[in-house]
Amino acid sequence: MTPELGQLALILALLLALAQGVLPLIGAWRGNRALMAVARPAAAGQAVFVAMAFAILVWAFLHFDFSVQYVADNSNLELPWYYRIAAVWGAHEGSLLLWILILNVWTVALAAFSQKLPEVFASRVLAVMGLIAVGFLAFIIFTSNPFGRLLPMPGDGADLNPVLQDPGMTFHPPVLYTGYVGFSVAFAFAIAGLLGGELEQAWVRWARPWTNVAWAFLTLGIVAGSWWAYAELGWGGWWFWDPVENASFMPWLVGLGLIHAQAITEKRGSLRAWTILLSIFAFSLSLLGTFLVRSGVLTSVHAFASDPRRGVFILAFLTIVVGGSLLLYALRAPKVAGGKAFKLVSRETVLLIGNLMFAVAAAMVLLGTLFPLIGDALNLGRISVGPPYFGFLFPLLMLPVVLLMPFGPFLRWGKGEPDVLKSLLLRVSIAAAACAIVAAFFVDGQPKAIVGVAAATWIAIGVLLYVYKRWREVPRGRRYPAEMAGMLLAHMGLAVFVVGVLLSESLSVTSDVRMAPGQTQHIGSYDFRFDGAHRTTGPNWRADQGTVTVTRDRKPVTVMHPQKRTYLRGQVQTESAVDAGIFRDLYVALGEPMDAGNIEGAWSLRLYYKPFIRWIWGGGLLMMLGGFTCAADKRFRIKRAAAIADDVLVQEARA
Amino acid sequence: MNRLLPFIAFMLLVALFGFGIWWNTQHDQNAIPSPLLNKPAPAFNLPKLYEPTQMVSKADLLGKPYLLNVFASWCIECGVEHPVLEAAGPSLGVRLVGYNYKDAPADAKRWLGEHGNPYDLLVADEPGHTAIDFGVYGAPESFLIDAKGVIRYKHIGPITPEVLAKELKPAIAAMLKETP
């Protein structure tokens, strides 16, 4: 009975979403306050019912209700409780429900924090959120019901994909979705602005913290996913350019552009149309990611569900949402280039170049991801472009971003002084060159590593010089407002990230060896001694577990236990052992026993020494922190709506 | 007009996706009929993976049938297929020739070191030019080539235990019956 209640809750949520999506729009159009007032209660009610449906699904997993098809497909009696909760979003239907739940959390937050916005504007924003929810609720109800029954009820279920049975994987999807869905807020603001023709500068200021928070969550989600791939797949890689990863990376890139474009539009009033367009694109790419992962269009690589009905449904939804908003953009976007003019040497120019690079990079990733499909369409055959394409083009496109980054903050809005540029260029060049020369001695002349050190120094010195400049020139208390601190943190994050990528890629040592118990292998400055393997068991798996003792100059460093697990349903999964450190990771993956019958004997092992790899995720986390810090700026707290509008008008008048 | 451009571009994308869905309903992607089926395999001359100075040509392999398996270390699905090949390799009844596709030799060797090497012979096509002659769509892909050098069967995507039992083994049996 309970699962049917879940379904009923979803249907009620759909009706409330319809009310939330339609009535306030009519109200805002007709100036009817009663209709506009529907938005908030409808949003709250919808959230309650969606949360109820979600809780019922969790309950079904916790109580082994295998009469529910989805539960039977994705869990079994031996699966520990924490993975049974994670199994809720382990496959298509449940992850869609999670998506909707998160959309509702964002909507409720928006409803709560938008009290001080002009009523007409707030109801339009909430209505757009409601319409998005309508699409997703209809999708889940009509094509992907997680509460479908299975009769007769099986005694035990299948298993959650063992790849997903990892702590990193349990929290990766919720965080990632929080980021994806968060872009719906900036989208809703843009659409509401287009509908009403409001002053862009006002709504862009309100949208900025939301965009920053969504982007920060997306960053965290991608970092978690990358970390999970590294720890779990046993290949020691951290990014594979596969379509599912690309699906999260495209909105991230466009979101990054949007953050910077919003800053320009809010402060200077220029680039309004571009900001609106990016707001639409960021969310569209989130939807597109959902489409690509779930429609089966790219089946040959990764598939969530390849039911053509689902594909058609999402495509129709995508067409209405994105097509509709782009049409609206074509009709209503500001026709006249507004805002203050800027010269060639100005902060706007630098930000604009960065923006273009992010947009082009996102387009490049999109093209690469869709290449097999384009090949089909043009009858060229299913051509795939792999890491070679992305690995060559992406760094090339990001080069201007890295080169220009130190100059952005130093340049004034509108018109920068070339003199400042010259002295800055001189300082960062000398610093980067000096560090590169010093580094050359430590990295055996590896060009990639030297470039990495130079680029990171280039960015980091730029950031530090700016910190120093503010310290010297600005009175205490006003030196580093949150918005600026966030920017500096995120930029520093890029420097750390660059170190991680280039140094780990060029200096890593990998060794595939056959080791008998007691044998020692020397890698980097470490000695790995294999102490044999034995059988062990976990809640729902058995494993061969190896023991590897690592020493350095005869001093013990760590003891590692890589495993090769066999899950109940026969899936085999490698659990690599990682000894993490700030400057290096040691990583051991267990291969195969040399003699299949004798696990006590020699094994093939894969040993890695990976310097600085942790800086990749460290850099990502700094960027995330930057996003959150920025969003906390006091300037973004909505004062009184009228006051802001006045504020903007005054600024406009002055310009 | 300028403002309509994003909309138009998006609609082109929608058309592409619509086509993709339609295509999927029309084609089983793992069984795209190859124009090369029952035609002579294209001539090739490729270095061995482990001894790059030695070349292997189509002529060298004539006389006995073989299964040409296209794989790469960057290919995720190849890892899925690999255990199947390792288990079935000796009992296939034909030689198993590994075709390392668009891969750095060092990566390929490392990958084989980790996953095991079921191949009787390994050739490397690092630039991927010869693969174009074979009409390779991506990795993994397998071609069953008979003693006269004719392609008898082709499979796109990983060889799963199912594909092995229901398609590959019958195809090998049929071929060996005709031309032992």
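A residue is called buried if 20 or more other C-beta atoms lie within 10 Å of its own, exposed if 12 or fewer do, and partly exposed in between, with C-beta atoms placed from the backbone. The model is predicted, so local features need pLDDT of at least 70 and side-chain atom pairs count only at pLDDT 80 or more, while totals for chains, interfaces and linings use all residues. Residues are numbered from 1 along each chain as its sequence is written, and chains are lettered from A and ligands numbered from 1 in the order in which they are written.

Next, colour chain A by secondary structure. It contains 20 helices and ten strands; these are DSSP runs numbered from the N terminus, with helices being H or I of at least four residues and strands E of at least two.

Now select Trp241(A), in the loop between α9 (200-233) and α10 (243-268) of chain A. Most residues other than glycine have a negative phi. Trp241(A), which is not a glycine, has a positive phi of about 55 degrees. Is this residue buried, partly exposed or exposed? Trp241(A) is partly exposed, because 19 other C-beta atoms lie within 10 Å.

Finally, move to Asp553(A), in the loop between β4 (541-552) and β5 (555-560) of chain A. Asp553(A) is not a glycine either, yet has a positive phi of about 50 degrees. With 8 other C-beta atoms within 10 Å, Asp553(A) is exposed.
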